[in-house]
Amino acid sequence: MIEKEKDRGCIYENACIPEHIYTYVCGISDTEAFFSRPYIYYIKEGLLIFIGHPLEKDFKVGKLKEILDTAISKTACNRVRVILPSYPVKGINYRLLSSDEYYRLDVDAVNLNQKNRNMIERAKRDLYIERTRTFDLEHRRIIELFLRDTQLDEATRWIIYNIDAYIKNSDTAWIVNAKDRDNRLIAFDVVDVFSKDYIFYMFNIRTKTSYVPGASDLLFYEMIKMAKETNKRYVSLGLGINKGVRSFKEKWGGRPFLSYYLVEGEPDKKARILSLMDKIM
């Protein structure tokens, strides 16, 4: 685990994508987090997950391969996944699994236009908002309904199903509930105030069974309030994912700010030899 105060401070100062939140990744996937400045990476059962977006401004991507090889040699992994800010990267000859873009919203540029205002006011007729750090049976019920109603890949389903493990592992994650006048949970967001300049829009969970128009907008607006209360400059909105998700983020003013390329492969022979030498020595 990341124990050095200076490492935690560097991550706090610069974290801007969800994968930088080690309490989230470790909580969801039961990995162990490491920091090799300026990169964070995770290990589990021979798998190295390396986050190639550096936690240091103006760091040159050209040094990524060198630091990745060092991480491989220290961990003796046999499989590697890397999230890259560009593709291809010299020396990293892994196969491309997926690509996308991370979205970001400038808190001072929130698009509170008339359409968004109308959706918020529509939702306020039926719903009220509360903030909590307690995950309960109602949240589990909503998640199970959401997973039943939504087509998702297995990896995403696993992440959403294990949201409670993330909340339990975190001191900075919040649940924002939207409840009806009978105190029934209708929808909820998970947001994280993990870093200095960013609040993170982690999950929006709602169901077709208890759909209320504008619920997601009301929850989103509450997150904007939280961002201002905690003096955040930006909302990290995560990946674009699909047309519907992108449309929602864009209508609030979210725009792409970093590229995402997920690649996978096996460590090269040089890294394996270094790893074996470390074990012998």
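Which side chain does Arg131 meet in a salt bridge? Let's take a look.

## About the model

This is a predicted model, where local features need pLDDT of at least 70, side-chain atom pairs count only at pLDDT 80 or more, and totals for chains, interfaces and linings use all residues. Residues are numbered from 1 along each chain as its sequence is written, and side-chain values use heavy atoms, with hydrogens and water left out.

## Arg131 and its partner

The partner is Glu222, at 2.8 Å from N to O. A salt bridge here is a side-chain nitrogen of Lys or Arg within 4 Å of a carboxyl oxygen of Asp or Glu. Arg131 sits in strand β6 (residues 127–132) and Glu222 in helix α8 (residues 215–229), 91 residues apart. Helices (H or I, at least four residues) and strands (E, at least two) are DSSP runs, numbered from the N terminus.

Arg131 is partly exposed at 32% relative accessible area, while Glu222 is buried at 11%. Buried means under 20%, exposed over 50%, and partly exposed in between (1.4 Å probe, protein chains only).

## Another bridge, and a network

The structure holds 18 salt bridges. One of them pairs Arg95 with Glu264, with the closest N and O atoms 2.9 Å apart. Arg95 is exposed at 52%, but Glu264 is buried at 8%. Through shared partners, salt bridges join Arg79, Arg81, Arg95 and Glu264 into one network.

## A buried loop residue

Ile17 lies in the loop between α1 (5–14) and α2 (22–29). Ile17 counts as buried because its relative accessibility is 0%. Leaving out residues up to four places away in sequence, Ile17 touches several residues, including Tyr102 and Phe257; contact means heavy atoms within 4.5 Å.
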